[in-house]
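Dear colleague,

I am handing over the structure below, together with a summary of what was found in it. Please read the summary with the coordinates open beside you.

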Amino acid sequence: MLARIKRFREYLRLSGVAGISRRYFVLNSFDGAMTMLGIILGASATGHADPKFVIGAGLGASFAMGVSGFSGAYLTERAERKGRLRRLRRAMLSDLRSTVHAKASFAASIWAALIDGTSPAIAAAMPMIPYALTLFQIAPSWLAFPVSMLSILATLFVLGAFLGKISRENVLMAGLRMLAVGLVTAVIVWAFGGFRIG
Amino acid sequence: MEYCLVATQIRKILLDVLKPHEPPIHELASKLGSLPGISEVSISLAEIDQSTESIKVSIDGTDISIDTVRKSLEELGAVIHSIDQVSVAKRAK
């Protein structure tokens, strides 16, 4: 098992998939967190902050983003890698089918799909936890909204800080930048929610 | 024509190899160096283009198997263009 994991990591290193994985991770986690921000704020602003509704909508969105992320990334990466492999075959005048290049190509597609599928789902699932605790009467209902919002904003900050670390910028400023995007979105959604169609 | 079938061992070969940019030559050398019967591997870059590199691979050992070397290279996506030099010694009884 360990040998298989080591080999898989070697294939990932050979395929150079680390960069695009990081991009998929941040982009899709951001999508997941912002989707839940929209659901929770929209539900609260229109007076439908029932935990069952929030969890139901959140799970649906989480699952849809996971499936679309996984399948979309797999098909996209697969097409991209196949094209690259074909060009390499032409340059090498060799099949390359049973070489590390073909295996690395496949491994890269699977890895990108896993990252793209799980990151939005996880980012979307975390804000639902306070509502789940409320539903099972483990936590008081008034706590769900603020804790959930805090967890979303914390996620955005952490994602921004992660980007700052990658680009070797000020981590705090990078985190605050991403947080600002979330706050602006929150204000807009809350403002629109105030216009109730009755 | 008669052939003298005396058991021999390949002690040194020099290969002209075409490979993609990945894996880099130090990894290729390490992979070849780990094969049985090989004691030393030396690789130098001869030419490079957008997708491929031509390299010279010099292998020293006690009993080099060309088939094993070829398979190892092919697994890494490399192709032997030619065997440019070979040294062989009689197998010790």
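Two strands count as paired if DSSP finds at least two bridges between them. Strands 2 and 3 of chain B meet this criterion, pairing in the antiparallel sense over nine bridges, and they form a hairpin with three residues between them. Within this pair, Ile38(B) is set opposite Gly61(B) of strand 3. Please note that the model is predicted.

Confidence

The predictor assigns the complex an ipTM of 0.80 and a pTM of 0.83. For chain B the average pLDDT is 92, and 94% of the residues score at least 70. Where pLDDT is low, the predicted coordinates should not be read in detail.

Chain B as a whole

Chain B contains two helices and four strands, which follow one another from the N terminus in the order β-α-β-β-α-β. Its C-alpha atoms occupy a box of roughly 45 × 30 × 20 Å along the principal axes. Of the 93 residues in chain B, 23% are buried. Among the contacts in chain B with a separation of 6 or more, 72% are between residues 24 or more positions apart.

The sheet of chain B

The four strands make an open sheet in the order 2-3-1-4, with antiparallel pairing. Strand 2 (38–48) and strand 4 (79–90) of chain B are the edge strands; each has a single partner strand, so one side of each has no neighbour in the sheet. On average, and with direction ignored, neighbouring strands of this sheet are turned by 15° against each other.

Strand 1 (residues 8–20) of chain B pairs with strand 4 of chain B in the antiparallel sense over 10 bridges. In this pairing Thr8(B) has Lys90(B) of strand 4 as its bridge partner, and Leu18(B) is placed opposite Val79(B) of strand 4. Strand 1 of chain B also pairs with strand 3 of chain B, again in the antiparallel sense, over nine bridges. Here Pro20(B) has Thr52(B) of strand 3 as its bridge partner, while Leu15(B) lies opposite Val57(B) of strand 3.

Where the two chains meet

Which elements give two or more residues to the side of chain A that touches chain B? Contact between the chains involves 10 residues of chain A and 11 residues of chain B. On the chain A side, the elements that give two or more residues are helix 3 and helix 4 (100–125) of chain A. Helix 3 of chain A provides the largest share, four residues. By residue type, the side of chain A that touches chain B divides into six nonpolar, three polar and one charged.

The sheet of chain B takes part in this meeting of the chains. Strand 1 and strand 4 of chain B, which pair over 10 bridges, are both touched by helix 3 (residues 51–92) of chain A, as is strand 3 (52–61) of chain B. Helix 3 of chain A packs on the sheet with its direction at about 125° to that of strand 1 of chain B.

Helix 2 (residues 18–45) of chain A includes Gly38(A). Is Gly38(A) exposed, partly exposed or buried? A residue is buried if 20 or more other C-beta atoms lie within 10 Å of its own, and exposed if 12 or fewer do. Gly38(A) has 17 C-beta neighbours inside 10 Å and therefore counts as partly exposed.

The length of helix 2 of chain A agrees with expectation, because its 28 residues should span 40 Å at 1.5 Å a residue and its end C-alpha atoms are 40 Å apart. Gly47(A), which follows helix 2 of chain A, has a positive phi near 75°.

Helix 6 (residues 141–166) of chain A has 26 residues and reaches 39 Å from its first C-alpha to its last, close to the 38 Å expected at 1.5 Å a residue. The buried residues in helix 6 of chain A include Ala144(A), Ser148(A), Ile152(A), Leu156(A), Phe157(A) and Gly160(A). Just after helix 6 of chain A, Arg168(A) adopts a positive phi of about 55°.

With kind regards

Note on methods: Residues numbered from 1 in each chain as written. Chains lettered and ligands numbered in written order. Predicted model: local features only at pLDDT ≥ 70, side-chain atom pairs only at ≥ 80, totals over all residues. Contact = placed C-beta atoms within 7 Å. Axes fitted to C-alpha atoms, helices over the stretch in contact; angles between N-to-C directions. Expected span 1.5 Å × (residues − 1). Nonpolar A, V, L, I, M, F, W, Y, C, P; charged D, E, K, R; others polar. pLDDT = per-residue confidence, 0-100.
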